Each structure stands twice: as structure tokens, then as C-alpha cells.
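Thanks, everyone, for making the time this morning.

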Amino acid sequence: MDRILFIILIFMLTVYVDGIDVFKSKDSKKIAVYSSIFFTAATLCLLILMDIKIPNPMEAVQTFIISTFGRN
Amino acid sequence: MRKEIISEKEGIALALLFIINGSLILPTGTAARKDIWISVVFAIILSILATMIYSKILCMFPGKNFFDISEILFGKFIGKIVILLYIWFAFHLASLVFADYVHFISTVSFPGMQGYIIVLFPAILCIWGLKIGIEGLGRFSTMVLTPLIVLIIIVIYLMIPKMNLDNFLPIFENGMPPILHGTFSLFSFPFAETIVFLGIFDCFKESKSISRVYFISITLGGILILLFKSAEIAVLGIDSYTQYYFPAYTAVSVISIAHFIQRIEIIIGLVFSVGGLIKISVCMLTVCKGVQKIFSFDDYRFLVTPLTILNVAFAFITSSSITLLASFTAFAWRYYAFPFQVMLPLIMLALSLLKKNAEKRLSAK
């Protein structure tokens with residue numbers, strides 16, 4: 001739980017220090033892109049810290065490559 | 001916005017640190033076994049050819065970067081798809097370096113340390129560097145490059161008493177195929193990874209500088225990798241070299257001069273940390289500039305923080321264990337990176353030449 005609080009604190013600090021200028025700019029495209037990337041990142045970080053298994057796309061890529069080209 | 005300009009020296013320092021970062025630490029080109037030094041030489045030659053293609057593409061469109069050129073060559077829609085693919089490559093590369101950071105520190109320096117604490121510091125430094133821009137990164141690279149190279153040469157020199165040159169014999173033990181596999185592996189990591197510089201190398205005063213920067217950094221970086229890898233194998237032998245996740249660290253840890261100069265493997269950690277920081281920054285700068293181009297923003301700096309956090313999360317998802325990371329780097333990376341490092345530049349070069357020829361014919365009429 002302390003890890004999750006730590007990360008939430010870091011995210012809040014980041015938005016306060018970094019995101020405030022974006023929101024002040026009132027450019028809706030900038031705000032939309034910034035918010036969507038930020039919320040995706042924050043959600044993924046929280047899921048990782050809560051030990052929730054997220055599918056790894058690179059495992060499939062690796063399996064495909066190794067089965068095609070072998071372990072040379 | 002003011003266009004950022006860096007000097008040739010700064011460009012060389014950036015590219016050199018980018019090249020020597022992981023390849024000095026991680027076991028690359030192991031397929032070649034004892035003949036890894038031959039593979040390094042072949043990889044340098046191949047990489048010089050590849051970077052000639054990269055610099056030719058940029059030189060044909062002075063003042064433009066990869067993203068501008070993609071839109072010119074492929075049009076708006078397909079151009080954006082190509083940009084997205086290229087962003088993906090740079091993004092994934094940055095996440096692999098973040099993962100290397102986590103696994104290196106949690107394996108050799110601070111065993112058992114939480115990954116998110118380890119990654120916090122390079123991520124903050126990377127965000128800071130990217131906010132300053134490529135000029136700041138270039139100046140930082142120039143400042144740290146000389147001490148790092150001197151340290152690497154000192155380390156190689158101190159390894160000489162522990163070297164056993166029989167570890168290289170017999171040469172060509174398994175013939176050419178393993179050497180070529182090793183060459184391919186070394187070409188894709190680290191030399192041809194310099195393709196990510198196409199996204200940011202619009203920052204020179206003269207476009208001629210690009211080919212010089214590429215040539216000097218590949219040659220110098222290649223020589224350093226050749227010397228260091230040879231020293232590692234001479235000290236450890238190929239069997240031990242392939243068994244360790246970080247053979248450089250182990251090879252340097254055996255140095256003991258009169259029981260006084262010893263435990264200097266921290267130098268390896270230093271080279272890895274500084275080089276890694278530059279590599280992540282360069283990759284993330286490319287990613288940010290790509291996203292800026294896709295959405296036609298006037299500046300990329302506001303994207304730096306969320307994209308870097310996203311990259312850290314991606315690193316934890318895709319490289320959750322050191323075994324997975326090592327096997328991906330050793331077996332899958334070269335095939336995965338080949339379309340980005342060779343096929344895409346070749347297509348772009350062919351299209352550029354066709355476009356220039358068509359323009360020439362039109363102007364002649």
C-alpha cells in the first residue's frame with residue numbers, strides 16, 4: 001500500500017509541476033494528448049504496483065521470432 | 001520556436017555514448033564464440049555502410065528530420081504510419097535500456113532493491129535532460145565522454161595481467177556461419193540502433209556533418225567495443241563470458257594490482273549509467289519529436305514527462321525478468337530490429353533517389 005501511495009504522490013507532484021502549464025495553455029488538443037498519455041501511464045504504473053498481471057506483447061513477438069528463425 | 005543547433009563534436013559524443021552504453025556491459029555477438037573480435041570488425045564495416053545510407057537520406061533533405069522526410073516521401077497518411085512505426089522502435093529501445101538499468105542495478109549493485117526506486121532517478125534525469133533539449137544533452141555528453149573513455153582504457157590496461165590469449169584459439173573453430181550470426185547480432189545491437197538519430201539529426205549547421213558524425217562515432221565506438229570485448233574474453237574465456245548476464249562486471253572485478261587497486265568494477269557501472277542515460281534521452285527525444293510531428297504541435301517539451309512515465313511502465317511490462325530481457329536481446333532483437341534498421345532506410349533511400357531524379361527531369365524540361 002505504501003508503494004501505491006508513493007507513486008500516487010509522485011503523479012500528483014508531476015501534474016502540479018509539469019502539467020499545470022499545459023492546462024493553463026487552454027489548447028484542447030494539447031490537453032487531450034497530455035491527459036491521455038499521462039492517464040495511460042499512471043494506470044499502467046498502478047496496475048504494475050498492485051501486482052496485476054498485464055499481458056506482455058513482446059513474449060509473443062519473441063516466441064514467433066524464435067520459432068521462425070531459431071536460437072542462433 | 002528557435003531551432004536547436006549542436007556542434008559536430010557534441011553529435012559525436014552523443015552517438016559514441018549511445019553506442020558504447022549497453023554493448024560494453026551485455027554479452028552481445030555470443031554466437032561467434034571465440035571469434036567475436038572478427039564479428040566486431042565485420043559489424044563495424046557493415047555499420048559504416050548502413051550509416052552511409054542514413055546520412056545520405058538526411059543529406060538529401062537538408063534541415064529536415066526523419067519525420068519530415070517520411071511525410072515528403074510517403075505522403076500524409078502512409079507517412080504518419082511510418083512515423084508511428086519509427087516511434088514504436090525508439091520507444092521500445094528506450095524501454096529496453098530502462099529495463100537494463102533495473103536489472104543491472106538490482107543484480108549486481110543493490111540486490112533486492114525495488115525496481116521502481118531504481119528507475120526513478122534515471123527517469124527524472126532523463127526528463128530534465130529532455131526539457132533542456134539536445135543542446136544540453138550534447139554539452140553533457142562532450143563533458144563526460146573524455147573521462148569515460150580514459151577510464152575504459154585504464155580498465156583494459158589493468159586487465160592485461162589477467163589475460164590469457166589462448167582463450168582466442170583456435171580461430172575459425174566453427175567456420176564462418178557463427179561469425180556471421182555474431183556480426184548480425186552486433187550490427188543490430190548497438191551499431192544500427194543509431195538509426196534513432198535520424199529523428200534528431202536535423203540539428204547541425206551543415207548537413208555534411210551528419211556523415212562525419214556517424215563515421216567517427218561508429219569507428220571509435222567499434223574500436224572501444226572491439227578492445228573491451230576482446231579483453232573480456234581473454235580474461236574470462238568464452239564459456240564464462242556467455243554464462244554471465246553482465247560479463248564486463250565480472251571480468252573487471254578480477255582486477256587486483258598488488259591487493260591495492262581492486263574492486264574497480266564501479267567504473268563499468270558508471271559507464272553503463274551515463275551511457276544509458278544518454279541512450280534513453282536520445283530515444284525519448286526521438287519519440288517526443290515524432291509525437292509532436294503527428295499532432296503538429298509547436299513544441300515537444302510538454303510531452304516529455306508523460307511519455308517517459310509511459311516508457312517506464314512499458315519497460316516493467318515487457319522486461320519483467322532478466323531472463324526474458326536477456327533472451328530477447330540475444331535471440332530476437334536482431335530479427336525484430338532488421339526492418340527498422342535496414343529495410344525502412346533502404347526503401348526511403350530508393351524513394352528519395354527516385355524523387356530527386358524526377359525533380360531533375362522536370363526542371364530540365
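Let me begin with a pair of charged side chains: B:Asp298 forms a salt bridge with A:Lys30, and the closest N and O atoms of the two are 3.7 Å apart. Please keep in mind throughout that this is a predicted model. By the rule used here there are 13 salt bridges over all chains. Because B:Asp298 sits in the loop between helix 10 and helix 11 (304–318) of chain B, while A:Lys30 belongs to helix 2 of chain A, this pair joins two chains. Across the interface of chain B and chain A the rule finds 2 salt bridges.

How much area do chain B and chain A bury between them? The figure is about 2900 Å², with 78% of it on carbon and sulfur atoms. In terms of residues, 32 from chain B are in contact with 33 from chain A.

Staying with chain A for a moment, I would point you to A:Lys26, which has a positive phi of about 60 degrees although it is not a glycine. A:Lys26 is placed in the loop between helix 1 (2–25) and helix 2 (28–49) of chain A.

On the helix 5 side of chain B the contact includes B:Phe140, B:Val144, B:Leu148 and B:Ile152, and on the helix 10 side of chain B it includes B:Val271, B:Val274, B:Ile278 and B:Leu285. When the residues of this contact between helix 5 and helix 10 of chain B are divided by class, 14 are nonpolar, 2 are polar and none is charged.

Helix 10 of chain B also meets helix 1 of chain B, residues 8–25, and here the axes come within 8 Å and cross at roughly 125 degrees. That angle makes helix 1 of chain B oblique to helix 10 of chain B, and the crossing is again described as left-handed. Among the residues making this contact are B:Leu14, B:Phe18 and B:Asn21 from helix 1 of chain B, together with B:Phe272, B:Gly275, B:Gly276 and B:Lys279 from helix 10 of chain B. By class, the contact of helix 1 with helix 10 of chain B has 11 nonpolar, 3 polar and 1 charged residues.

Helix 5 of chain B also holds B:Ile149, and B:Ile149 and B:Leu17 are 132 residues apart in sequence yet 9.6 Å apart in space, taken C-alpha to C-alpha. Which residues does B:Ile149 contact, leaving aside its neighbours within four places in sequence? They are B:Leu16 and B:Leu224.

A further pair in chain B is helix 2, residues 36–60, with helix 12, residues 322–364, which pack at an angle of about 35 degrees with their axes 9 Å apart. This crossing, too, is left-handed. From helix 2 of chain B the contact includes B:Tyr54, B:Lys56 and B:Met60, and from helix 12 of chain B it includes B:Gln341, B:Pro345, B:Met348 and B:Lys356. The residues of this contact between helix 2 and helix 12 of chain B divide into 9 nonpolar, 2 polar and 2 charged.

Finally, a word on the backbone of chain B. The peptide bond from B:Leu169 to B:Pro170 is cis, with omega near -5 degrees, and B:Pro170 lies in the loop between helix 5 and helix 6 (176–188) of chain B. The peptide bond from B:Phe189 to B:Pro190 is likewise cis, with omega near 20 degrees, and B:Pro190 is found in the loop between helix 6 and helix 7 (208–236) of chain B.

Terms used. Residues are numbered from 1 along each chain as its sequence is written. Chains are lettered from A and ligands numbered from 1 in the order in which they are written. This is a predicted model: local features need pLDDT of at least 70, side-chain atom pairs count only at pLDDT 80 or more; totals for chains, interfaces and linings use all residues. Side-chain values use heavy atoms; hydrogens and water are left out. Contact means heavy atoms within 4.5 Å. Helices (H or I, at least four residues) and strands (E, at least two) are DSSP runs, numbered from the N terminus. Ala, Val, Leu, Ile, Met, Phe, Trp, Tyr, Cys and Pro count as nonpolar, Asp, Glu, Lys and Arg as charged, and the others, Gly among them, as polar. Buried area is the accessible area (1.4 Å probe) that two parts lose on being put together, summed over both. A salt bridge is a side-chain nitrogen of Lys or Arg within 4 Å of a carboxyl oxygen of Asp or Glu. Axes are lines fitted to C-alpha atoms, for helices over the stretch in contact, and angles run from 0 to 180 degrees between N-to-C directions. Angles under 35 degrees count as roughly parallel, over 145 as roughly antiparallel, 65 to 115 as roughly perpendicular and the rest as oblique. A crossing is left-handed if the near helix is turned anticlockwise from the far one by less than a right angle, and right-handed if clockwise.
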